[in-house]
Amino acid sequence: MTDAPSLMFLETAEAAEAVERLFDREAQVFAEIGRVIAERQPAVVSMSARGSSDHAASFFKYLFEIHAGIPVASIGPSVASVYNAPLKLERALHITISQSGASPDIIAAQHAASKGGAVTVAVVNVADSPLARAADIVLPIHAGPERSVAATKSFIASAAALAGIAQAAARSDALGAALARLPQALRAACDVDWQPVLPLVGHAASLYTTGRGPGFAIALEAALKAKETAQLHAEAFSLAELMHGPMQLVDKGFPIIAFVPDDAALASSTQALDKLRGLGAQVAAFSSRDLGAITVETPTTGHGHLDPLVALVGYYRLIEQVARERGLNPDTPDKLKKVTETI
């Protein structure tokens with residue numbers, strides 16, 4: 001491996017500028033989506049996505065259900081693209097998340113949602129894409145070209161865009177103020193010290209990633225990045241779910257990476273991590289709070305529901321280094337390509 005920075009490393013640092021562009025340029029679109037939600041009063045918001053974009057959808061699900069009180073349902077794209085099933089989505093809002101906006105299955109799902117009565121929103125990096133052209137509302141994330149196969153800035157920008165939708169629906173001043181602080185927190189996160197976590201995962205054969213609420217959504221993304229960049233087997237569980245069957249695999253030295261924001265779940269999450277340590281697990285926490293010997297103290301937006309997104313910057317830097325130390329190129333996994341078009 002060359003000592004030159006990887007594209008993954010460089011593109012992670014571009015996330016803050018992407019988020020700034022997003023909120024500078026798309027205020028009218030956020031307002032329009034907020035008006036649609038207020039007028040239609042949807043009983044449910046449906047979503048379709050694949051890969052990292054699906055983890056952004058999970059992040060949105062927690063934010064939207066917590067702040068707007070409206071259930072969010074994930075619709076498998078194959079319901080439309082393979083099984084050709086009609087969708088009954090009168091008055092609903094349907095959101096599709098995609099970097100390329102080109103995969104046939106998510107385009108088919110959006111079409112089925114529209115035919116079923118939903119207003120469709122495309123959250124995309126390529127504004128002139130088939131998905132965007134067919135949507136009722138287009139929300140470009142403004143991440144710019146992303147050359148690394150591993151999605152970093154596009155994931156963060158997509159999640160930020162979805163957080164903006166949640167804020168527009170809930171009209172939460174606290175969430176709005178935190179979104180305004182998000183770019184600054186993302187910049188600062190590029191300098192967090194993640195090195196203490198490296199010995200835990202550098203030679204690991206397997207690990208868990210975990211969290212509660214929005215933190216669990218980020219744990220899902222973290223597990224995927226471990227697989228695709230470092231060829232490291234990782235499973236993501238809600239910290240509550242980890243206390244059930246998955247805990248049986250936890251023994252001395254088992255590595256666990258937790259995303260633990262300062263929110264309503266902090267106390268219960270701290271207790272769960274203490275229990276896992278008692279079983280012998282090596283726990284590393286990404287948090288704005290000091291949660292033990294191995295804590296990557298991350299900058300805060302002032303709102304615990306957004307802070308897991310900030311923590312992800314340090315994690316991306318960590319797993320990029322793990323990949324390089326394993327002799328892998330995190331930008332070009334040998335079995336993957338940047339745009340995957342599924343049916």
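**Close-up 1: S98 and the backbone of G101.** Here the side chain of S98 reaches the backbone nitrogen of G101 at 2.7 Å. That's a polar contact: a pair of N or O atoms within 3.5 Å, where, within protein, one must be able to donate a hydrogen and the other to accept it, and residues adjacent in sequence count only if both atoms are side-chain atoms. Keep in mind that this is a predicted model, where local features need pLDDT of at least 70, side-chain atom pairs count only at pLDDT 80 or more, and totals for chains, interfaces and linings use all residues. Residues are numbered from 1 along each chain as its sequence is written, and side-chain values use heavy atoms, with hydrogens and water left out.

Close-up 2: S98 sits in strand β3. S98 is buried, with a relative accessible area of 7%; buried means under 20%, exposed over 50% and partly exposed in between, using a 1.4 Å probe and protein chains only. Skip the neighbours within four places in sequence, and S98 still touches S53, I106, V123, V124, N125 and L131 (contact means heavy atoms within 4.5 Å).

**Close-up 3: the five-stranded sheet.** The strands of this open sheet run in the order β2-β1-β3-β4-β5, with parallel pairing. At the edges are β2 (72–74) and β5 (137–140), each pairing on one side only. Strands and helices are DSSP runs numbered from the N terminus (E, at least two residues, for strands; H or I, at least four, for helices), and two strands pair if DSSP finds at least two bridges between them. Strands β1 (residues 45–48) and β3 (residues 93–98) pair in the parallel sense over four bridges. In β3, T96 is the bridge partner of S48.

**Close-up 4: α2 against α8.** Helix α2 (residues 15–25) and helix α8 (residues 153–170) pack at about 35°, with axes 9 Å apart. Axes are lines fitted to C-alpha atoms, for helices over the stretch in contact, and angles run from 0 to 180 degrees between N-to-C directions. On the α2 side, the contact is made by A15, A18, V19, L22 and F23; α8 brings K153, I156, A157, A160, A161 and G164.

**Close-up 5: helix α11.** Of the 17 residues of α11, 14 are buried, so the helix is largely enclosed by the rest of the structure. Just after α11, Q231 takes a positive phi of about 50°.
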